[in-house]
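Please read the sequence and the 3D structure below together. The paragraphs after them go from the overall fold to some local features.

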Amino acid sequence: MTAKAMVADRANADTPSSAAAADGAARTPRPQVGARVARSESMSGVAGRWVVRLAALLAGLACWHYASSTSLNFYVRFDNIPGPLQVGQALLGHLEQSAFYLHIAASLRRIAISYSLATGIGIMLGLLMGRSRLVRDIVSPYIELLRPIPAVAWIPLAILLWPTEEGSIIYITFLGALFPIVLNTVHGVEQTPEVLIRAAQSLGASRLCIFRHVVLPGALPSICAGLAIGMGVSWFSLLAGEIISGQYGIGYFTWNAYSVINYPDIVVGMLAIGLLGTASTALIQLLTRPALAWQRKAR
């Protein structure tokens, strides 16, 4: 009887704690609920950022419309600058013409060829320069000497070097994309922590294995940044290269509008280059995002 009473007293004593534990477990939020809350907060934050960006663009359009409609002349002159409505009308008119799409297609084809060449050559050359002092000592002087030369300065030499106008344009655009890719790749290889390389060596990894599993993943963030920067610079160089062309290209379209003093078309060409450059850079960032998935997991 005494043993049974002691067991009953212990069971009664343990009942409140177990009930409190069950109550605490019931009150503890489930991981799924927390994940849903975090996801909803993230989506609301992204939506808020896009609202701010859209508002900033609308504010810029409003300032542009006010300056052009009032012919603002305060150091910067807006006397002959077409307003957003004029540019919009000109853009709608060109969207109904097939020639405008031929200009865009020609520029996209040139960007695709030159950027692909710059990507392959730039990454390979950057990796070699980052891992070999001899290769870096041989190639680095040429890069540092040629990199500051603007794309416009390459036009006369490109005409002499290449037998066709198309080859000259692709060459100039290729140079614009090459240097950012090479330099960012070299920087990424150099920033690989030496302790990781030594740790892999101590575990018996070969040089090829270290390069593949340590150096290359460590350099990927800089390589991806160089690819995005190179895409933007390639569009900048394309405009200079297409001045040579006498047929098609969005750069030629813009230059021709300047030649015939068609102010709305000048702005249409500039906006087209900006939109195409933004879209292509966003595409590069989207394509390189899976390669940087390990960064998000580490965070």
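**From the fold to its details**

Tyr-75 sits in the loop that separates β1 (73-74) from β2 (76-77). Helices (H or I, at least four residues) and strands (E, at least two) are DSSP runs, numbered from the N terminus. The model is a predicted one, in which local features need pLDDT of at least 70 and side-chain atom pairs count only at pLDDT 80 or more, while totals for chains, interfaces and linings use all residues. Residues are numbered from 1 along each chain as its sequence is written, and side-chain values use heavy atoms, with hydrogens and water left out.

The protein contains twelve helices and two strands. Along the sequence their pattern is α-α-β-β-α-α-α-α-α-α-α-α-α-α. Of its 299 residues, 32% are buried. Buried means under 20% relative accessible area, exposed over 50%, and partly exposed in between (1.4 Å probe, protein chains only).

Most residues other than glycine have a negative phi. Tyr-75 has a positive phi, near 70°. Its relative accessible area is 83%, so Tyr-75 is exposed. Ile-261 also has a positive phi, near 55°, and lies in the loop between α10 (250-259) and α11 (263-288). Ile-261 counts as exposed because its relative accessibility is 54%.

The expected span of a helix is 1.5 Å times one less than its number of residues. Helix α9 (residues 207-241) has 35 residues, and a straight helix would reach 51 Å, but the end C-alpha atoms of α9 are only 42 Å apart. There is a bend of about 45° in α9 at Leu-220, with a proline, Pro-221, following within four residues. The bend at a residue is the angle between axes fitted to the seven residues ending there and the seven starting there. In α5, a bend of about 35° occurs at Val-139, and Pro-141 follows within four residues. Helix α5 (residues 133-146) has 14 residues that should span 20 Å, and its end C-alpha atoms are 20 Å apart, so the two values agree.

How do α4 and α10 cross? The axes of helix α4 (residues 98-131) and α10 come within 7 Å and cross at roughly 130°. This angle makes α4 oblique to α10. Angles under 35 degrees count as roughly parallel, over 145 as roughly antiparallel, 65 to 115 as roughly perpendicular and the rest as oblique. Phe-100, His-103, Ile-104 and Ser-107 of α4 make the contact with Ile-250, Gly-251, Tyr-252 and Phe-253 of α10, where contact means heavy atoms within 4.5 Å.

Conventions: Axes fitted to C-alpha atoms, helices over the stretch in contact; angles between N-to-C directions.
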